[in-house]
Amino acid sequence: MTQDEAYGILLPELASTAPHLYDAAEMTLQTGFRESNLTGLRWDPISKDGRPAYLYRTKSGNPLGTPMNSVARAVLERRRGIDPVHVFTWRGHAVTRFNNSAWRKALSRTLASLGSPLPERLDGFVWHSLR
């Protein structure tokens, strides 16, 4: 999926059907965070002044400091105040998975809007593909 397709088709679909997925998808597009980085993202390592967010739960087990551009900071500001501990929540609980049925439904509608046949690059598209 190209950046234009993601921002022009996928993100608007997510915004209208699953806003919590919209913010997470935009954060992934801007930072390259893995799904597990987002599900474990907490407010305590994130400053309000734009310093890097530190991920303590990474695939390698090593902490990772990630600079936040203005779009990623805007996502964080939209999420701030929703939950005192976790950045990404749904119905008062920390999100444990983004590659879920709401994601698959939104992705299916997005891919259908691209017409048939689908470009080969979209075959097997999953959350991780946003990176």
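This is a predicted model: local features need pLDDT of at least 70, side-chain atom pairs count only at pLDDT 80 or more; totals for chains, interfaces and linings use all residues.
Asp 44 is exposed, at 62% relative accessibility. Its side chain forms a salt bridge with that of Arg 42, at 3.7 Å from N to O. Arg 42 is partly exposed, with a relative accessible area of 37%.

Next entry: Glu 77. Which residue does Glu 77 meet in a salt bridge? I found Arg 80, with 3.1 Å from N to O. For Glu 77 I noted a relative accessible area of 45%, which is partly exposed. Arg 80 has 22% and is also classed as partly exposed. The cut-off for buried is under 20%, so a residue at 22% does not count as buried.

Next entry: Asp 23. I found its side chain in a salt bridge with Arg 79, at 3.3 Å from N to O. Why does this pair tie together parts that are 56 residues apart in sequence? Asp 23 sits in helix 2, residues 19-31, while Arg 79 sits in helix 4, residues 70-79, so the bridge joins those two helices.

Are Asp 23 and Arg 79 buried or exposed? I read 6% relative accessibility for Asp 23, which makes this residue buried. Arg 79 is buried as well, with a relative accessible area of 5%.

I then followed the links around this pair. Asp 23 and Arg 79 belong to a network of salt bridges that also takes in Glu 26 and Arg 78.

Last entry: the tally. How many salt bridges does the count come to? I noted five, with a nitrogen-to-oxygen limit of 4 Å.

Notes:
Residues are numbered from 1 along each chain as its sequence is written. Side-chain values use heavy atoms; hydrogens and water are left out. Helices (H or I, at least four residues) and strands (E, at least two) are DSSP runs, numbered from the N terminus. Buried means under 20% relative accessible area, exposed over 50%, partly exposed in between (1.4 Å probe, protein chains only).
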